[in-house]
Amino acid sequence: MELQNIIINKNNNLREALQLLDKNGLGTLFVVNDLNILIGVLTDGDVRRFLLRDVNLKVKVEILMNREFTSLSINTDNAKIIECLNDKIKYIPLLDEDGVIVDYASINRLRRISICSPLLEGNELLYLTECVKTNWISSQGKYVRLFEKKFKDYHEGFEALAVSNGTVALHLALEALGISEGDEVIVPNLTFAASINAVIYTGATPVLVDVEQDSFNIDVSKIEELITSKTKAIMPVHLYGQSCDMDAVVAIAKKHNLFIVEDCAEALGSLFKGRPVGVFGDAATFSFFGNKTITTGEGGMVLFKDSKIAHKASVLRDHGMSKEKRYWHDYVGFNYRLTNLQASVGVAQFERLEYFVQAKRNLAATYNETLNKYDFFQTPIEKEGTFNSYWLYTFLIKDNAPFSREDLMNYLSKKGIESRPVFYPLHVMPPYKGYGNKEYLETSTLISKSGVSLPSSVNLSEVEANYICNSISNFIKEL
Ligand SMILES: Cc1ncc(COP(=O)(O)O)c(C=O)c1O
C-alpha cells in the first residue's frame, strides 16, 4: 500500500477519511498537520464509535482521531518493530527526526532491504500488454528486433542478438567464434561461474588468471605468461560495473592473435575511455536477469563485431536451421531465443538505462562517503578513464578491521538489510579445480574472503540508503 493512501490531513472531514479507509482497506489512517508531522491515528473502530453517537460526515478528522498512538523512528530495527506489533497495533508509522511520516511497518511490511530488485515503472506494462493483446508472444515479434536495434545503436553498430540469458549468450559467442575442444580460453578466477561454465560447454579448456586488488578485474600483467599455442581467446569480465583495462587486453589479443569475448553481464552502462564496454573485442555478452541493471526477468544479448559471425550465431541460436531452407539444419544448433514478451520489458527498461546508472552512481557516492570515514574498508574505485555503472556496490574489509565480514553481515541482516559475500574464487570449487594454479591466484582468494556487496537497487530511497549507512556506523560504534 502506497504511503499516501494511509495519510490524511487533520482538516479533512469524516467523509474523506471514510473514502480513504475504503481505498486502503487497512482500517487505519495516520493523521498529520500541515507540516506533515504525525499528530494522531484514526481507525475503523474510532469512526464506528463516533457514528453510533452522531451521524455527521462533515466533522473534522482532528476531532475524531486518537492522540495517543505508537510510532517509531525510521531507524528502528525489525526486532523492535515486531515487539511493538500486536492484535491492536497492526500498523506503526515510522517517523524521521522531525516527526514526519516517511514509512510505516506492519507484520507484512517489515524492513527488508533486498540486494538488488528491479524497477518496472516505465513502459514495461504498456509494451507487455501490447504483446498479449496482439498475440505476439513468441520470439517472433517487433520488440525482439527493436531491443536488438537499440543494443546495436548503443554499441557502435555491433550486430546484436537477443538470447534467453547471459550464460547462453557466452556459449553462443564462443561457439560462433569456433572455440572447441583442444582450445584454451583465459578466464578471470573471480567471476560468476557462468563465465567459466560457458567455456567448458564448448569442450575447450579454461585457464584461470588472477585479478587486480583495486578493480577486482582480470590482472592483465598476468595474462601473457598463461598463453600457449592452444590459447584462442581471452574473456575479460567487467565485474560489478568496473570496466577492465581494455587497452591492455586488446594489445595482448592483437599480439597473440586471440579473440576477445567481453562478459558485460554486470556492466551495461559502463564506459572505458568514453566507449561502452562490449565494443572492444570480437564478441560481448549481457545478462538481463532480475537483479541486473536492466532486466527482462531472464534474458541476455550477444554482440558481434563481424556480421558473418553474427549470422552464424543467429543460425545457431535458432536450432542451427538454415535461414533459406526451412527444416534444413546446417549445424547442431540450440534454441537460445528471447521471447517478444521479455524483449518488450527489455525495451522499456533500456529506455531508462541512463536514469538507472545515475541512481546507482549516486548510491555509490553515498556509501563511499560513509565507508571512507573509517580506515577499515577498501571502497570500489573508478579507474582513470573508466565510468563505473556500479551494478552492485562491493567493498573489501581490510585486515586491520577489529571485526569479521560475517560480524558485519550478521549485524546488517538483523537490521533487515541484505548483503552478499563476493564470489568464491573459481579454482577452489570442485568442477574447476585443475584449471588454475593456486600459488598464482592469491588476490582473487583475498577479495573473495573479505568482499561484501550492499543493496544496490535503483529504487532504494534516500531514507533507506541513510538507514544502511547509519546501521554501518552504529555497528562500528557498538564494537
Ligand atoms: C559475470 C556474469 N556472467 C554471466 C552471467 C550469467 O547471466 P545469466 O544469469 O543471465 O545467465 C552473470 C550473471 O548472472 C554474471 O554475473
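**Rings and their surroundings**

Modeller: The structure holds 26 aromatic pairs (rings of Phe, Tyr and Trp, the last by its six-membered ring, with centres within 6.5 Å; planes under 30 degrees apart are stacked, over 60 edge-to-face, the rest tilted). One of them joins phenylalanine 147 and phenylalanine 151 edge-to-face, at 5.5 Å centre to centre and 85° between the planes. Before going on, please keep in mind that this is a predicted model, where local features need pLDDT of at least 70 and side-chain atom pairs count only at pLDDT 80 or more, while totals for chains, interfaces and linings use all residues. Residues are numbered from 1 along each chain as its sequence is written, and side-chain values use heavy atoms, leaving out hydrogens and water.

Back to that pair: phenylalanine 147 and phenylalanine 151 are about one helical turn apart, because they lie four residues from each other in helix 6 (residues 142–154). Helices (H or I, at least four residues) and strands (E, at least two) are DSSP runs numbered from the N terminus. Phenylalanine 147 has a relative accessible area of 0% and so is buried (under 20%; exposed is over 50% and partly exposed in between, with a 1.4 Å probe and protein chains only). Phenylalanine 151 is also buried, with a value of 0%. Phenylalanine 151 pairs with phenylalanine 288 too: the ring centres are 5.6 Å apart and the planes at 65°, so this pair is edge-to-face. Here distant parts of the chain are linked, since phenylalanine 151 is in helix 6 and phenylalanine 288, 137 residues away, is in the loop between strand 14 and strand 15. Both of these residues are buried.

Elsewhere, ring pairs connect Tyr367, Tyr374, Phe376, Phe377, Tyr393, Phe395, Phe403, Tyr411 and Phe475 into a cluster. Charges sit over rings as well (NZ of Lys or CZ of Arg within 6 Å of the ring centre and within 35 degrees of the ring normal). Arginine 109 lies over the face of tyrosine 104, 4.1 Å from the ring centre, and the charged end of arginine 361 is over phenylalanine 387, 4.0 Å from the centre of the ring.

Next, a buried threonine. Threonine 394 belongs to strand 18 (residues 394–397) and counts as buried because its relative accessibility is 2%. A polar atom of its side chain is 3.0 Å from the backbone oxygen of leucine 392. The side chain of threonine 394 also makes a polar contact with that of serine 453, at 2.9 Å (N or O atoms within 3.5 Å; within protein, one able to donate a hydrogen and the other to accept it, and sequence-adjacent residues count only if both atoms are side-chain atoms). Beyond neighbours within four places in sequence, threonine 394 is in contact (heavy atoms within 4.5 Å) with Phe216, Tyr240, Pro380, Val422, Val452 and Ser453.

Finally, helix 7 (residues 166–176) is largely enclosed by the rest of the structure, because nine of its eleven residues are buried. Among the elements covering those residues are strand 14 (283–287), strand 15 (300–304) and helix 10 (307–317). At the start of helix 7, a side-chain oxygen of asparagine 165 comes to within 2.9 Å of the backbone nitrogen of threonine 167. Just after the helix, glycine 178 adopts a positive phi of about 85°.
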